[in-house]
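Please take a look at the model below. The report then goes through its sheets, its aromatic rings and its charged side chains.

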Amino acid sequence: MESVVKDPDAVLSYGWDWSNFGANDGASSDPGWLQGDTINTSTWTISGPDSTLIQGSDTNSTTETSVTLSGGTVNTENRVVNHITTAAGLEDDRTILVKVAQR
């Protein structure tokens with residue numbers, strides 16, 4: 001699981017290039033399981049103690065997803081989960097642990 005530290009005043013985008021994920025989760029020798037398929041839907045959810053971490057706009061292309069986060073309470077950790085469904089009906093999740101800290 002990826003972990004990031006976010007300042008409560010920052011407004012930043014987080015996300016992934018799903019075409020790189022595969023058996024080796026992005027190793028250069030791995031072409032990725034999305035090869036030949038495309039992202040159909042992408043949803044983001046936030047779970048954790050911090051109700052002030054706000055999910056802004058989310059975007060996705062045929063291979064990449066991102067979400068913009070703002071706010072947050074110092075000294076909290078929240079899980080931000082991206083769930084995708086592909087045109088072929090495959091589904092997967094990736095999670096970012098967002099630690100909010102004054103920077």
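N60 stands opposite T65 in strand 5. Strand here means a DSSP run of E with at least two residues, while a helix is an H or I run of at least four, and both are numbered from the N terminus. Two strands count as paired when DSSP finds at least two bridges between them.

The model is predicted, and local features need pLDDT of at least 70, side-chain atom pairs count only at pLDDT 80 or more, and totals for chains, interfaces and linings use all residues. Residues are numbered from 1 along each chain as its sequence is written, and side-chain values use heavy atoms, with hydrogens and water left out.

**The chain as a whole**

The chain has zero helices and seven strands. Along the sequence the pattern reads β-β-β-β-β-β-β. The C-alpha trace spans about 40 × 25 × 20 Å along its principal axes. Of the 103 residues, 35% count as buried. Buried means under 20% relative accessible area, exposed means over 50%, and partly exposed lies in between (1.4 Å probe, protein chains only). The accessible surface of the chain comes to about 5,600 Å², and 47% of it belongs to carbon and sulfur atoms. Such areas come from the Shrake-Rupley method with a 1.4 Å probe; for residues, only the protein chains shown count as cover.

Strands of a sheet pair through backbone hydrogen bonds, either parallel or antiparallel. Here three strands form an open sheet in the order 2-5-4, with antiparallel pairing. Strand 2 (11-17) and strand 4 (53-60) stand at the edges; each has a single partner strand, so one side of each lacks a neighbour in the sheet. From one strand to the next, the twist averages 20°. The axes behind that angle are lines fitted to C-alpha atoms, for helices over the stretch in contact, and angles run from 0 to 180 degrees between N-to-C directions.

**Strand pairs and bridges**

| Strand pair | Bridges | Direction |
|---|---|---|
| strand 4 and strand 5 (residues 64-71) | six bridges | antiparallel |
| strand 3 and strand 6 | eight bridges | antiparallel |
| strand 6 and strand 7 (residues 91-100) | 10 bridges | antiparallel |

T41 stands opposite T85 in strand 6. N78 stands opposite V98 in strand 7. Is strand 6 enclosed or open? Eight of the 11 residues of strand 6 (residues 76-86) are buried, so the rest of the structure largely encloses this strand. The hairpin of strand 6 and strand 7 has four residues between the strands, and G89 in it takes a positive phi near 90°.

**Aromatic rings**

A pair of aromatic rings is described by the distance of the centres and the angle of the planes. Rings of Phe, Tyr and Trp (its six-membered ring) pair if their centres lie within 6.5 Å; planes under 30 degrees apart count as stacked, over 60 as edge-to-face and the rest as tilted. The count comes to two aromatic pairs. W16 and W18 form an edge-to-face pair, 6.3 Å centre to centre with 65° between the planes. The ring centres of W16 and W44 lie 5.8 Å apart and the planes stand at 5°, so this pair is stacked. W16 lies in strand 2 and W44 in strand 3 (residues 39-47), so the pair ties together parts 28 residues apart in sequence.

Ring pairs link W16, W18 and W44 into a cluster. W16 and W44 are both buried. W16 has 11% relative accessibility. W18 is buried as well, at 0%.

**The salt bridge**

How many salt bridges does a search of the whole structure find? It finds one. D92 pairs with R94, and the closest N and O atoms are 2.9 Å apart. A salt bridge is a side-chain nitrogen of Lys or Arg within 4 Å of a carboxyl oxygen of Asp or Glu. D92 counts as partly exposed at 22% relative accessibility. R94 is buried, with a relative accessible area of 16%.
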